[in-house]
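Student: I'd like to learn how to read aromatic pairs in a protein model. Can you walk me through it?

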Amino acid sequence: MSRRVCVIGAGASGLTTIKGCLEEGLEPTCFESSDDIGGLWRFKETPEPGRASIYRSLVVNTSKEMMCFSDFPMPPEYPNYMTHSQLLQYFRLYAQHFDLLRHIIFRTSVQSVRQQPDFSHSGQWEVVTKHRDGREDTHIFDGVLVCSGHFTHPFLPLAQFPGHESFPGRCLHSWEYKDAEAFRGKRVVVIGIGNSGGDIAVEISRAAEKTFLSTREGSWVAARMSSNGLPLDMKVLTRFVAVLPRWLLNWLAHRTLNKRFDHRLYGLQPSDRSMDQRLLINDDLPGRILQGGIVMKPNLTEFKGSGLQFQDGTIEEDIDAVIFCTGYRSNFPFLPQSLWSGPEGELTLYRRVFPPSLECPTLAVIGMFQSKGPIFPGMEMQVRWAARVMAGLNQLPPPEKMLSIIEMERKRNMKRYQCPIQAALKVDWIPYLDSMAKEIGVRPNLAWLLLTEPGLGLRVLFGPCTPYQYRLRGPGQWDGARQAILTQWERVAQPFKTRLVPEPDPDRPWALLSPWLITLGGAAVLLVVVLSQCQLNCSLHDTLQQGFPTFLGMKATCKK
């Protein structure tokens, strides 16, 4: 008899969780409070309390080949960086392809998740759900996978800033922001320099009278576009780069990013020069600063009437609106309070997935991590591992061992990240994926690949660490994974092919060299002309000098 599993939420993580459960012989039932899939990526004009919210112009920060699910490449005609609506369409294609919708119960929210009285033996959970019409139902499940996301409860730290009560303007969180029209002609301060803060400040600066961007620490800024116009993440997220020393990566990154523009000159350089602290993906922020559309400011300290005072003592007057891009608080009100046992009151999770305090590993949280890589492949790997644990195919270490590993990782991260909450969530992308892939048996065998198929092995080692690498072998192996890796750069190029550009004639190889030949030939002709002109001028000068008395009795000569 298959084990029944409750999946909470039908967003990106919920969809791949349904599929991951089916792959391991589990029977998933997904509860989704809205009437459609997509979660965070479904744009709505008016934000709904308790649900994620995005702005109209949102474009993803990771490229399609890096962020797709491992056995379902995105359509080749899709742009490399998609809008939220295009990403939502991809989720619909994914759900249709794997027939996932029949496992989802829409318009139904989860009210509580509680252990059964015999939990230590059965590992079962009592799940109470509420339909939109008010009807409540109680279900018994063998496992629970939480996929409701952690961008639902905005953190608005107004209490930290004296005088905010008398501020006549508008204070809001980025969760409420939709577009710049409401701020046209106004003076706006954006607080926070995460990806949302950068995007919103840039967009508002094109409509507002003046836009100020306030940051406590600063940030390194990278564009989506890398060398030769290729996606940045496909150039830097490779296995080869991942094993380089951190000091070398920091040095190379500082040198590359400051070559584009001087972060210190632009008021963006973080106080801690380490790349571990902050990296902002934004194509336009430096340009808006250069044009004066955005003015960088230090941390906000207090409100003074309609003005705002900053850490350096400066005051900006007549501010109309303050937008706080200050992140979110993790909040799963339906879970037992006993699971929130971290030092900062956060969820304590082994490998960011399993609460170590449970006697039976039948509850997992998906997507509760942060990294410098795309989140979807990480969520998918979490699901593949968690489903095998719940199916009894993989085992977790004893609770003491899990707690020891959690504490070791927390201490290590505290050396790199000043915020304890961040330290609890941050992971190194490729090592994190590999750690779970090794447990499942799907980590690519580099030595074997290089020995048996060098072309593929070299792409896996030096090329982008695309999700297909985790479908080459082991449970869930996909026959199309090899071909997907070999053709990944073709799908990168496909959306650019909207205008026919003449190709060099393969029968005339000299045509490839013609630009260089023209350049060298032109330079040679120019040099001959200059030298000839110089010789002509010198000859004429000497001839003229022979017909006239020289100054102070000396004959002038041309210095060649």
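Student: How many aromatic pairs are there here?

Tutor: This is a predicted model, and the count comes to 25 aromatic pairs. A pair of rings is described by the distance of the centres and the angle of the planes. Take F72 and F98: their centres are 5.9 Å apart with 65° between the planes, an edge-to-face pair.

Student: Where do F72 and F98 sit in the chain?

Tutor: F72 is in the loop between α2 and α3, while F98 is in the loop between α3 and β3. The pair links distant parts of the chain, 26 residues apart.

Student: Is F72 buried or exposed?

Tutor: F72 is buried, at 13% relative accessible area.

Student: Why is the pair of F151 and Y328 called edge-to-face?

Tutor: Because the planes of F151 and Y328 stand at 85°, and over 60 degrees counts as edge-to-face. Their ring centres lie 5.5 Å apart. F151 belongs to the loop between β7 and β8, and Y328 to the loop between β17 and β18, so this pair ties together parts 177 residues apart in sequence. F151 is partly exposed at 35%, and Y328 is partly exposed at 26%.

Student: Which residues form an aromatic cluster?

Tutor: One cluster includes our friends F72 and F98, along with W41, F69, Y90, F91, Y94 and F376.

Student: And which charged ends sit over a ring?

Tutor: Among them is R224, whose charged end sits over the ring of Y81, 5.9 Å from its centre. Another case is R351, with its charged end over the ring of W385, 5.5 Å from the centre.

Technical notes:
Residues numbered from 1 in each chain as written. Predicted model: local features only at pLDDT ≥ 70, side-chain atom pairs only at ≥ 80, totals over all residues. Heavy atoms only, no water. Phe/Tyr/Trp six-rings, centres within 6.5 Å; stacked < 30°, edge-to-face > 60°. Helix = DSSP H or I, 4+ residues; strand = E, 2+ residues; numbered from the N terminus. Buried < 20%, exposed > 50% of the residue type's maximum accessible area, 1.4 Å probe, protein only. Lys NZ or Arg CZ within 6 Å of the ring centre and 35° of its normal.
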